[in-house]
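Reader: I have a protein model open and would like to learn how to read it. Could you walk me through it, please?

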Amino acid sequence: MTLPQPVFLHVFPTFAVGGAQMRFCAIANHLGATARHIIVSLDGRQEARAHLRSDVDVTFHNPGGTGLFAALRFLRAATADLIITSNWGAMDWAAAARLLGLPHLHTEDGFGPDEQDRQKPRRVLARRLILRRSRVVLPSRVLLRIATDLWRLPPANLLYVPNGIDVARFANAAPMELPGEGPIIGTVAGLRPEKNLARLLRAFALLRRARLARLVLVGDGREKPALGHLAQELGIVSDTHFIGASPTPERWLKSFDLFALSSDTEQMPLSLLEAMAAGLPAVSTDVGDVRTMLPPESAPFIVPRDDAALAAAMGSLLSDPAKARALGARNAARASRDYDQATMFAAWRPLLSCP
């Protein structure tokens with residue numbers, strides 16, 4: 001007997017490339033033709049669509065508005081087995097789903113610069129009221145604690161599901177070739193304010209005073225012109241490479257000697273998981289679940305959100321290649337054991353009621 005194909009309606013504030021969007025693409029690709037997906041991208045962007053396989057049954061819709069009334073209008077006319085909303089930007093749609101009594105699942109992946117240090121009281125109250133009867137999926141323990149203690153959502157409705165990646169893809173990739181001399185410090189990130197790549201540039205400039213090195217940034221975004229100007233001001237243009245968005249980040253990661261994450265806010269960054277799977281040692285600001293994602297031996301290289309601390313940690317690892325290799329091997333082992341996408345898929349399938 002053939003089971004009916006479930007229909008999922010996903011509402012994203014944007015379908016530009018980001019952690020939530022890439023996780024959806026991985027899950028949708030895994031489900032293949034067993035499910036149908038309707039995607040509403042509230043800002044109209046669809047760049048992450050390129051990461052969906054051709055056999056995924058997906059349609060994109062313009063809702064004709066972004067607020068509560070537009071959401072109610074659209075959801076009344078839609079036919080879906082489950083409404084899945086993503087982050088604060090889709091909260092009106094979460095409210096509409098609850099008002100209409102529709103099956104609803106909400107995902108939270110973190111916060112923008114406006115909430116990186118403190119939650120806005122109005123948003124806390126809105127989440128508390130709107131999400132109290134919905135299942136809420138959280139990829140980090142920090143978010144789980146926030147949802148429990150601050151939003152005061154019922155613990156029975158909260159589901160901690162860590163992100164996962166295709167470990168083999170990042171472990172077995174062939175490296176890119178990059179001209180120049182010196183070890184390569186690299187990162188893979190959207191060039192957005194919350195990633196604070198200006199901090200990474202300033203830290204690299206401090207490091208570059210004492211040793212030969214190169215910096216590679218893989219990713220694109222609205223911060224690129226400002227970051228380019230900053231690199232000029234810091235005198236590091238010749239050693240800094242802006243690669244842009246890449247369909248093969250695994251090959252760039254394999255060319256790095258050290259992965260650096262300089263964000264002001266993260267929860268469970270996919271780029272760090274990918275770097276771990278690639279066997280890289282990592283230096284990171286102390287954000288989200290980074291401290292628990294990395295093995296205990298990496299603790300000295302998880303630093304405050306400070307230029308000098310980031311520079312010192314990078315310099316320390318580059319000065320001790322044996323330690324860097326050992327940390328990279330431990331990271332690879334942890335990624336393989338705990339963060340392969342097969343584990344994530346197994347956790348998501350019952351949430352989607354898929355056969």
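**Reading sheets and helices**

Author: Strands, like helices, are DSSP runs numbered from the N terminus, with at least two residues (E) for a strand and at least four (H or I) for a helix. Before we go on, this is a predicted model, where local features need pLDDT of at least 70 and side-chain atom pairs count only at pLDDT 80 or more, while totals for chains, interfaces and linings use all residues. Residues are numbered from 1 along each chain as its sequence is written, and side-chain values use heavy atoms, with hydrogens and water left out.

Reader: How many bridges join strand 8 to strand 11?

Author: In general, strands of a sheet pair through backbone hydrogen bonds, either parallel or antiparallel. Here, strand 8 (residues 184-188) and strand 11 (residues 258-261) run parallel and are joined by 2 bridges. Two strands count as paired if DSSP finds at least two bridges between them.

Reader: What is the order of the strands in the open sheet of 6 strands?

Author: The order is 10-9-8-11-12-13, and the pairing is parallel. Strand 10 (240-244) and strand 13 (302-303) each have a single partner strand, so one side of each has no neighbour in the sheet.

Reader: Which strands does helix 7 touch when it packs on the sheet?

Author: Helix 7 touches strand 8, strand 9 (214-218), strand 10, strand 11 and strand 12 (282-285), and its direction makes about 170 degrees with that of strand 9. Contact means heavy atoms within 4.5 Å. Angles run from 0 to 180 degrees between N-to-C directions, and axes are lines fitted to C-alpha atoms, for helices over the stretch in contact. Helix 10 (residues 270-277) packs on the sheet too, touching strand 8, strand 11 and strand 12, at about 170 degrees to the direction of strand 11.

Reader: Is helix 10 mostly covered or mostly open, and how many of its residues are buried?

Author: Buried means under 20% relative accessible area, exposed means over 50%, and partly exposed lies in between (1.4 Å probe, protein chains only). Helix 10 is mostly covered, with 8 of its 8 residues buried. Among them are Leu270, Leu273, Glu274 and Met276. Just after helix 10, Gly279 has a positive phi of about 80 degrees. For contrast, look at Ala346 in helix 14 (residues 341-351). Ala346 has a relative accessible area of 52%, so this residue is exposed.

Reader: How do I read two helices that cross, such as helix 7 and helix 12?

Author: Take the distance and angle of the axes. Angles under 35 degrees count as roughly parallel, over 145 as roughly antiparallel, 65 to 115 as roughly perpendicular and the rest as oblique. The axes of helix 7 (residues 197-208) and helix 12 (residues 307-318) come within 8 Å and cross at roughly 55 degrees. These two helices are therefore oblique to each other. The contact includes Arg199, Phe204 and Leu207 of helix 7 and Asp307, Leu310 and Met314 of helix 12. By class, the contact residues of helix 7 with helix 12 are 10 nonpolar, 1 polar and 3 charged. Nonpolar covers Ala, Val, Leu, Ile, Met, Phe, Trp, Tyr, Cys and Pro, charged covers Asp, Glu, Lys and Arg, and the others, Gly among them, are polar.

Reader: At roughly what angle do helix 7 and helix 8 cross?

Author: Their axes cross at roughly 15 degrees and come within 10 Å, with helix 8 spanning residues 224-234. That makes helix 7 roughly parallel to helix 8. Leu197, Ala198, Leu201, Arg202 and Ala205 of helix 7 meet Leu227, Leu230, Ala231 and Leu234 of helix 8.

Reader: What is the strand order in the open sheet of 7 strands?

Author: That sheet has the order 3-2-1-4-5-6-7 with parallel pairing. Its edge strands, strand 3 (57-61) and strand 7 (158-160), each pair on one side only.

Reader: Which way do the residues of strand 1 point?

Author: In a regular strand the side chains alternate between the two faces of the sheet. In strand 1, Val7, Leu9 and Val11 point one way and Phe8, His10 and Phe12 the other way, and all are buried. Strand 1 (residues 7-12) is joined to strand 2 (residues 36-41) by 6 bridges, and the two run parallel. Phe8 has His37 of strand 2 as its bridge partner.
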